[in-house]
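Me: I would like to learn how to read a protein structure, one feature at a time. Could we go through one together?

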Amino acid sequence: MEEHSETSPQSPASSTEPVLNASEPAVRHKSIIREYAESIAIALILALVIRTYLVQAFKIPSGSMEDTLAIGDHLLVNKFIYGTKLPFSDKRLLTLRDPQRGDVIVFEYPEDPSKDFIKRVVGTPGDVVEGKDKKVFVNGKPYENPHEVHKEKDIIPKEMNPRDTFGPVTVPPNSYFMMGDNRDRSYDSRFWGFVSRDKIKGLAFIKYWSWDKDKFRPRFGSIGKLIN
């Protein structure tokens with residue numbers, strides 16, 4: 001019907017005219033739905049690519065990194081700086097640099113890979129790490145971390161608990177020794193060992209939001225703050 005109307009002149013009273021007028025809104029309606037569907041699909045694909053290979057958001061649920069990171073801080077993690085991890089593989093491409101001592105990183109918890117932990121790198125491959133009465137030594141020298149805090153005054157003997165005294169331990173190849181800045185209240189490499197390179201997700205670099213649930217208000221001073 002439509003093809004005939006385009007090739008043959010019709011009078012205003014032609015019976016084909018109402019059919020043309022009735023079909024145009026339906027065609028337009030289908031076009032709008034298709035445009036929205038394509039836009040949503042593209043947005044979802046871009047979000048998935050960004051989350052998988054570039055940047056991912058995380059929320060801090062515990063106080064093991066206080067006072068650097070507080071409960072309720074929301075972070076962005078750079079996932080490509082240590083190399084883009086290929087799907088279904090432990091290989092990485094386009095590595096900018098390896099994790100360094102002092103980096104705050106997100107990784108899969110070795111004892112339960114379904115959980116994500118965030119700690120600071122203290123020992124890199126080949127380093128010898130040791131703790132003596134709350135003081136940490138790397139390769140025989142004191143490890144100075146301006147962000148570490150101690151909220152417990154007591155010293156726990158090594159025989160009872162490795163919190164304050166541990167090691168010395170040598171970090172294996174492709175592995176890292178992690179510790180929380182809140183040293184007395186962090187469950188980290190002192191207790192469960194090393195983090196392998198393939199379990200690292202990325203470098204935490206900025207707080208984009210922070211919520212104080214006790215005071216029921218945002219921490220405006222933390223929003224947009226870089227993580228050192």
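Me: Where does Gly72 lie?

Reply: Happy to start there. This is a predicted model, in which local features need pLDDT of at least 70 and side-chain atom pairs count only at pLDDT 80 or more, while totals for chains, interfaces and linings use all residues. Residues are numbered from 1 along each chain as its sequence is written, and side-chain values use heavy atoms, with hydrogens and water left out. Strands are DSSP runs of E with at least two residues, numbered from the N terminus. Gly72 is found in the loop between β1 and β2 (73–78).

Me: Is Gly72 buried or exposed?

Reply: Buried means under 20% relative accessible area, exposed over 50%, and partly exposed in between (1.4 Å probe, protein chains only). Gly72 has a relative accessible area of 7%, so it is buried.

Me: Which residues does Gly72 touch?

Reply: A contact means heavy atoms within 4.5 Å. Not counting residues up to four places away in sequence, Gly72 touches Ile60, Trp209, Ser210, Trp211 and Arg219. Take Ser210: 138 residues separate it from Gly72 in sequence, but the two are 5.5 Å apart in space, C-alpha to C-alpha.

Me: Which residues line the second largest pocket?

Reply: On a 1 Å grid over the protein atoms alone, a pocket is an open set of points with protein on both sides within 12 Å along at least five of seven lines; a cavity is a set where a 1.4 Å probe fits but cannot get out, and lining residues have an atom within 4 Å of a point. Here the lining consists of Phe58, Lys59, Ile60, Pro61, Ser62, Ser64, Val106, Asp116, Phe117, Ile118 and Lys119. Two elements, β1 (55–59) and β6 (116–123), each give two or more residues to it, and β6 has the largest share with four.

Me: What is the volume of the second largest pocket?

Reply: Grid points are joined across faces, edges and corners, and a volume is the space filled by probe spheres set on the points. For this pocket, that comes to about 170 Å³.

Me: In what order do the four strands of the open sheet stand?

Reply: Two strands pair if DSSP finds at least two bridges between them. The order is β9-β8-β7-β10, with antiparallel pairing. β9 (141–142) and β10 (166–170) are at the edges with a single partner strand each, so one side of each has no neighbour in the sheet. β7 (residues 128–132) and β8 (residues 135–138) pair over four bridges, and Glu130 stands opposite Phe137 in β8.
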